[in-house]
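Notebook open, model loaded. Today I'm looking up charged pairs between side chains.

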Amino acid sequence: SFTKEDYSEIIERAYKADQYPVGLNWTIKDWKKAKKDDIFILQQVGTDNDGFAMIGKFTSRPYKADSWRNDGTKIYYANLGLFTIFDRINKKTMSADEYEKLFDFTKWHSGYSGEYIDDEKAEKFLEKISEDLQKENLWDEDSLWLLKEYPIVMENTRW
């Protein structure tokens, strides 16, 4: 529900001012399973640089509201708090191509937003994410507890 320009502004604020935006939300298909404090991973899809865009947690329970499409329908959203954000515009780190080879629990280049990842599937996935975040010098090994504490919801977006 936001544009490439919106994403660029978020990247600029996060990287230059160390300031994450407040008031972000996202649509959730598996809203009955999602809870406040669940971890989300937002990934860009439908481009030549598909991959992780943001990691954070839901700061609200899912709630029903007017669709961002302005088509008269209602959909479920959750508010987002960011842990980290990736510059998908200028970098190719944390690529969907790389993860697609290792994990088959989601569609890495399409699919709906708000797909709940079962705990059993999430464990090795989290280990890989943690390893890659440490390689990128974005997190240290003590930060992994943020991911291990809560269930995972995979979000997909096109821009």
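Is K57 buried, exposed or partly exposed? I looked it up, keeping in mind that this is a predicted model. K57 comes out as partly exposed, at a relative accessible area of 25%.

Next I checked who K57 pairs with. Its side chain meets that of D37 in a salt bridge, 3.1 Å from N to O. K57 sits in strand β3 (residues 51-58), while D37 is in the loop between β1 (25-27) and β2 (39-44), so this pair ties together parts 20 residues apart in sequence. D37 is partly exposed too, with a relative accessible area of 22%.

Then I went over to the helices. E98 makes a salt bridge with K128, and their closest N and O atoms are 2.9 Å apart. I noted that E98 belongs to helix α2 (residues 96-102) and K128 to helix α3 (residues 119-135), so the two link distant parts of the chain, 30 residues apart. E98 is partly exposed at 33% relative accessible area, but K128 is buried at 13%.

Which other partner does K128 have in a salt bridge? I found D132, at 3.2 Å from N to O. Both are in helix α3, four residues apart, so about one helical turn separates them. D132 has 6% relative accessibility; the cut-off for buried is under 20%, so D132 counts as buried.

Last entry: how many salt bridges does a search of the whole structure find? I get six, among them the ones I wrote up above.

Notes
Residues are numbered from 1 along each chain as its sequence is written. This is a predicted model: local features need pLDDT of at least 70, side-chain atom pairs count only at pLDDT 80 or more; totals for chains, interfaces and linings use all residues. Side-chain values use heavy atoms; hydrogens and water are left out. A salt bridge is a side-chain nitrogen of Lys or Arg within 4 Å of a carboxyl oxygen of Asp or Glu. Buried means under 20% relative accessible area, exposed over 50%, partly exposed in between (1.4 Å probe, protein chains only).
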